[in-house]
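Morning, everyone. I have one model to walk through today, so please look at the screen.

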Amino acid sequence: MSEVLQMPSNESPRERVAAEVRAHLARARLNGSRLATALGQSQTYWSRRLTGRVAFDVDDLSQIADLIGVEPSDFFATSNERSLRPRGEGGGSVTLPRLDLNQRPSD
């Protein structure tokens, strides 16, 4: 069995969330029209969000998650997918310093 190599994405976070929402809707056999009917917004409203032209807000994601029986957090990329995203100048990775919030532990 071969492994699938995921390539770095050049999509914006808004577009990646929209893609995840579309994937979850497809698994639930829902399209934008049925989503609009179920949630009471226009098809245009949902189309703009599902294509990534307009960002979803928290209430949108919560409504969709409730409708299809998933958690809103399921619409966000896993840590593995985020690590594949090019970052920093020239696509290199950016390393942030580790913050030690417990600088003076008391025992």
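Predicted model: local features only at pLDDT ≥ 70, side-chain atom pairs only at ≥ 80, totals over all residues.

Aromatics first. A pair of aromatic rings is described by the distance of the centres and the angle of the planes. How many aromatic pairs does the count come to? Two.

Take Tyr-45 and Trp-46. Their ring centres are 5.0 Å apart. Their planes stand at 85 degrees, and over 60 counts as edge-to-face, so this pair is edge-to-face. Now the second pair, Trp-46 with Phe-56. Here the centres are 6.4 Å apart and the planes make an angle of 35 degrees. That pair is tilted.

Where do the two partners sit? Trp-46 is in helix 3, residues 43–50. Phe-56 is in the loop between helix 3 and helix 4, the latter being 58–68. The two residues are 10 apart, and the pair links distant parts of the chain.

Put together, Tyr-45, Trp-46 and Phe-56 make one aromatic cluster.

Are these residues buried or exposed? Tyr-45 has 19% relative accessibility; the cut-off for buried is under 20%, so Tyr-45 counts as buried. Trp-46 is buried at 0%. Phe-56 is buried too, at 13%.

One more thing on Tyr-45. Arg-49 places its charged end over the ring, 3.5 Å from the ring centre.

Next, the helix pair. Helix 1 spans residues 13–27. Its axis and that of helix 4 come within 11 Å, crossing at roughly 20 degrees. Angles under 35 degrees count as roughly parallel, so helix 1 is roughly parallel to helix 4. What is the hand of the crossing? Left-handed.

Which residues meet there? From helix 1, we have Val-17, Val-21, His-24 and Leu-25. From helix 4, they meet Leu-61, Ile-64 and Ile-68.

Last stop, Ala-18. This residue is in helix 1. Ala-18 is buried, with a relative accessible area of 0%. What does Ala-18 touch, leaving out residues up to four places away in sequence? Arg-49, Leu-50, Thr-51, Gly-52 and Phe-56. Two of those names have come up already: Arg-49 has its charged end over the Tyr-45 ring, and Phe-56 belongs to the aromatic cluster.

Finally, look across to Phe-76. Ala-18 and Phe-76 are 58 residues apart in sequence. In space, C-alpha to C-alpha, they are 9.2 Å apart.

That is my tour. Over to you.

Technical notes
Residues numbered from 1 in each chain as written. Heavy atoms only, no water. Phe/Tyr/Trp six-rings, centres within 6.5 Å; stacked < 30°, edge-to-face > 60°. Buried < 20%, exposed > 50% of the residue type's maximum accessible area, 1.4 Å probe, protein only. Helix = DSSP H or I, 4+ residues; strand = E, 2+ residues; numbered from the N terminus. Lys NZ or Arg CZ within 6 Å of the ring centre and 35° of its normal. Axes fitted to C-alpha atoms, helices over the stretch in contact; angles between N-to-C directions. Parallel < 35°, antiparallel > 145°, perpendicular 65-115°, else oblique. Left-handed = near helix turned anticlockwise from the far one by under 90°. Contact = heavy atoms within 4.5 Å.
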